[in-house]
Amino acid sequence: MKFFLLLSAVGVCWAQYNPHTRQGRTAILHLFEWRWADIAVECERYLARKGFGGVQVSPPNENAVITNPYRPWWERYQPVSYKLCTRSGNEDEFRNMVTRCNNVGVRIYVDAVINHMCAESNAPGTSSTCGNYYNPQNREFPAVPYSGWDFNDAKCKTGSGGIENYNDAAQVRDCRLTGLLDLALEKDYVRTKIAEYMNYLIDIGVAGFRLDASKHMWPGDIKAILDKLNNLNTNWFPEGSRPFIFQEVIDLGGEAIKSSEYFGNGRVTEFKYGAKLGTVIRKWNGEKMAYLKNWGEGWGFMPSDRALVFVDNHDNQRGHGAGGASILTFWDARMYKMAVGFMLAHPYGIARVMSSYRWERHFENGKDVNDWIGPPNNNGATKEVTINPDTTCGNDWVCEHRWRQIRNMVAFRNIADGEPFTNWWDNGSNQVAFGRGNKAFIVFNNDDWSLSLTLQTGLPAGTYCDVISGDKVGGDCTGSRVYVSDDGTAEFSISNTAEDPFIAIHAGSKL
């Protein structure tokens, strides 16, 4: 009996690391600031067919409406209540999206803002996405309800009430982050209200949560909330399934708080991943792709089975968060596609693909002063995601997940899932190649000269379509072809001036 209980406990614990994607779907996608109606359609028309496992959506709960500056992206991180109405849509539209995405096997993960409510500086009133009254100066949030008892004002020991020293773990967790009212998560009432909100979403059918600002919460408080959560909805998930949890913890080293403190609750965002990979692809600080041979734990990253990885996210593509200037984004399209291609080919962690929108950048003293701009909109109403004849997106939506090179690498990752990291080759500089068992192989040329040589791919003999330069359509290939000999070798040629200086083949691209 004791043995069975131990196994049950381990099963519940391990379930929180599992994204509950369908078999053969491994990558997840962040559709940043998309409307619920557009996500529902995208699940049905594209994501399920292209093998995406799930979608991280923007916070669905009521937030303060910020008009100075006008409707910035970060207003979504200023909660007023846990009612389901935002500029992405109302509760009915949210429910419809979750149902339609789950019905085609694409999971929904909610960005949960539970560390804080809105900023103290917001004016009291009903300027919020559902129109509910709130008064942050008096700590009044009647739509929850929260009052002054439910915040950490008395617990914070700094003169300003905000975080003043990131080497003081208590300050980071008990004081206000950029003026946002810090919830007293040690109180059972507050934990219960948060769990009620998350359980409401679980019952609708969401598969898990990104926990925003997890570094600013005590791991034990997070665990106490997670312990109150329901199992997932059995309409779409096996009996006893626990919600997938990934926690936003920015840990680049050198601070009091470590990512490892959060491993017991679920996966953790590995911010070193995008920062280091950007430095390598940019060839800064003497870094070379040849050094990626022991990528992952060998670079000081967290264990693969605890990591959620990404090249960029909604914060650091704007210079916020972590990673600095090395972070690659859609603005650096050629290098960005290489970085995302490498991430999706490599077995480390659960990979999340970013899907963004454009804004008009304006730099002053090296900083983009327009980094606050919210999603494409008409007088504050978020624009529909339109699809162009070439399958790219319109209305200023970037849709990196629809770029051929990225969506085809999602298929590469799905086919290579569970296969070992094999057949590494490098030239000591920035030309590298590696395989995934006998299922897939990829070659990069990030040097200033051409690559032309024969490499061992580990793949069965035959003709393969390079999924970077084109698509396999029926028995044909719209891009270049790679011929694998009986001994598993193939010739590769990549010009250093190629639009996409990498080639990828896999079992599914065999002609």
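**Entry 1: Ala411**

I began with Ala411, which is partly exposed at a relative accessible area of 24%. For my own reference, buried means under 20% relative accessible area, exposed means over 50%, and partly exposed is in between, with a 1.4 Å probe and protein chains only. I found Ala411 in helix α9, residues 404-416. Helices here are DSSP runs of H or I with at least four residues, strands are runs of E with at least two, and both are numbered from the N terminus.

**Entry 2: a note on the model**

This is a predicted model, where local features need pLDDT of at least 70 and side-chain atom pairs count only at pLDDT 80 or more, while totals for chains, interfaces and linings use all residues. Residues are numbered from 1 along each chain as its sequence is written, and side-chain values use heavy atoms, with hydrogens and water left out.

**Entry 3: the UniProt domains**

I checked the UniProt record next. Its unreviewed entry gives "domain: Glycosyl hydrolase family 13 catalytic" for residues 26-413. UniProt positions are in the numbering used here, feature names are shortened, and annotations may be inferred rather than shown by experiment. In the model, residues 26-413 are 23% helix and 13% strand, and the end C-alpha atoms of the span lie 7 Å apart.

The unreviewed UniProt entry also lists "domain: Alpha-amylase C-terminal" at residues 422-510. I read 0% helix and 52% strand over residues 422-510, with 19 Å between the end C-alpha atoms.

How much space lies in the largest pocket? I noted about 660 Å³. The largest pocket is lined by 25 residues, and Trp73, Leu177, Thr178, Leu180 and Asp315 are the closest to its centre. On a 1 Å grid over the protein atoms alone, a pocket is an open set of points with protein on both sides within 12 Å along at least five of seven lines; a cavity is a set where a 1.4 Å probe fits but cannot get out, and lining residues have an atom within 4 Å of a point. Grid points are joined across faces, edges and corners, and a volume is the space filled by probe spheres set on the points.

I sorted the pocket lining by class and got 11 nonpolar, nine polar and five charged residues. In this sorting Ala, Val, Leu, Ile, Met, Phe, Trp, Tyr, Cys and Pro are nonpolar, Asp, Glu, Lys and Arg are charged, and the others, Gly among them, are polar.

I then found one cavity of 30 Å³ or more, and the largest cavity has a volume of about 50 Å³. Its lining has 14 residues, with Asn152, Arg173, Leu183, Leu185 and Asp221 nearest the centre. By class, that cavity lining has five nonpolar, three polar and six charged residues.

**Entry 4: aromatic rings**

I looked up the ring pairs and found 35 aromatic pairs in the structure. Phe444 and Phe502 make a stacked pair, because their ring centres are 5.2 Å apart and their planes are at 10°. The pair links distant parts of the chain, with Phe444 in strand β17 (residues 440-445) and Phe502 in strand β24 (residues 502-506), 58 residues apart. Rings of Phe, Tyr and Trp (its six-membered ring) pair if their centres lie within 6.5 Å; planes under 30 degrees apart count as stacked, over 60 as edge-to-face and the rest as tilted.

Are Phe444 and Phe502 buried or exposed? I found both Phe444 and Phe502 buried. Both also belong to a cluster linked by ring pairs, with Tyr273, Trp295 and Trp299 among the other members.

I looked for cis peptide bonds. One joins Asn68 and Pro69, with omega about 5°, and Pro69 sits in the loop between β2 (54-57) and α3 (91-103). Another joins Val144 and Pro145, with omega about -5°.

I also looked up positive phi values. Ala213 is not a glycine, yet its phi is about 55°. Ala213 lies in the loop between β6 (208-211) and α6 (219-226), and is buried at a relative accessible area of 5%. Asn423 has a positive phi near 50°; this residue is in strand β15 (residues 421-426).
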